Amino acid sequence: MSKTAVVCDSNTAITQAQSREMGIYVLPYPFHIEGQTYYEDISLTTDQFYQKLNDKVDVATSQPSPESVTALWDKALEDHDELVYIPMSSGLSGSCSSAYGYSQEPKYEGRVYVIDNQRISVTQRQSVLDAMMLADMGKSAKEIHDILTEDKFNSSIYIMLDTLYYLKKGGRITPAVAALGTLLHLKPVLQIQGEKLDTYAKARTAKQGKEIMIEAIRHDIENRFGGLDNPGGACSFPLPIPIIWRRPWNLRRRWRSFSRSSARCMWMSCL
């Protein structure tokens, strides 16, 4: 067993069952729904979560409690000398800064390294996989921390929203803008590069939005990451490109023609 444990939170979409198979530890995030607290993949499944959203139930999130974070660390340290903790980006939640504060307690100093490499969802999951690989290579927790921190800006996420309801509800846009966007059938394409969630483009149709995202990925590969076949490019690791969609869509042929020559460098995930 590696002396360095890898710990993350459920924003990676790594389930508890998968974590046991992978030999890592996943902290479930809390959700507050109609006065009751649920924990992701413990007392609330993904399907149940989306059903509650579809039912327009009020859903709120909060940081994991200090006790839940440190209890998981303690469990990991029972079988390991040290650990790296990979939470969601500090630009999207205060939980990363909180975890860093916990790690400065005397019992964790020099044994727990909190990695703020500005990741969420599929890119955060990839950081977990990279940390596992580095741990298997014999890297220390500090070395893994330093490597992943240095690599933190080498990622991109593009998201197309099918509705403006949640942007309005979260206060990111005004009701007037939401009403106008809905009337015009606008579908925002959002971008996460580093710590910020920003608007990248506005599409009039779902097909146009998907085309925009594929072109954005192509641009990033060629201009930010040095190309799929460039081992000396910006990224410290092979370049995986997950594509996640919740409904079938017909751009697979276009993507296949783009990726066929370098399929060894990427993977795709369809939900």
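View 1. A search of the whole structure, which is a predicted model, finds zero disulfides.

**View 2. The aromatic pair of W73 and Y85.** In the predicted model, the count of aromatic pairs comes to six. In the pair formed by W73 and Y85, the ring centres lie 5.6 Å apart and the planes meet at 70 degrees, so the arrangement is edge-to-face, given that angles over 60 degrees fall into that class. This pair links distant parts of the chain, since W73 belongs to helix α3 (residues 66-77) and Y85 to strand β6 (residues 82-86), twelve residues apart. W73 has a relative accessibility of 0% and therefore counts as buried, and Y85, at 3% relative accessibility, counts as buried too.

**View 3. The aromatic pair of Y158 and Y200.** Y158 and Y200 form an edge-to-face aromatic pair, with 5.1 Å from centre to centre and 70 degrees between the planes. Because Y158 lies in strand β8 (residues 157-160) and Y200 in strand β10 (residues 196-203), the pair ties together parts that are 42 residues apart in sequence. Y158 counts as buried at 13% relative accessibility, whereas Y200, at 37% relative accessibility, counts as partly exposed.

**View 4. The ring cluster that includes W73 and Y85.** Ring pairs link W73, Y85, Y102 and Y108 into a cluster.

View 5. Helix α5 (residues 121-136) has 16 residues and reaches 23 Å from its first C-alpha to its last, which is close to the 22 Å expected at 1.5 Å a residue. Its buried residues are V122, T123, Q124, Q126, S127, V128, D130, A131, M132, L134 and A135. An α-helix has 3.6 residues a turn, so residues three or four places apart point the same way. The buried residues of α5 pack against strand β1 (4-9), helix α1 (16-22), strand β6, helix α6 (141-150) and strand β8; of these elements, β6 carries Y85 and β8 carries Y158. Just after α5, G138 takes a positive phi of about 95 degrees.

How values were computed
Residues are numbered from 1 along each chain as its sequence is written. This is a predicted model: local features need pLDDT of at least 70, side-chain atom pairs count only at pLDDT 80 or more; totals for chains, interfaces and linings use all residues. Side-chain values use heavy atoms; hydrogens and water are left out. Rings of Phe, Tyr and Trp (its six-membered ring) pair if their centres lie within 6.5 Å; planes under 30 degrees apart count as stacked, over 60 as edge-to-face and the rest as tilted. Helices (H or I, at least four residues) and strands (E, at least two) are DSSP runs, numbered from the N terminus. Buried means under 20% relative accessible area, exposed over 50%, partly exposed in between (1.4 Å probe, protein chains only). A disulfide is a pair of cysteine sulfur atoms within 2.5 Å. The expected span of a helix is 1.5 Å times one less than its number of residues. Contact means heavy atoms within 4.5 Å.
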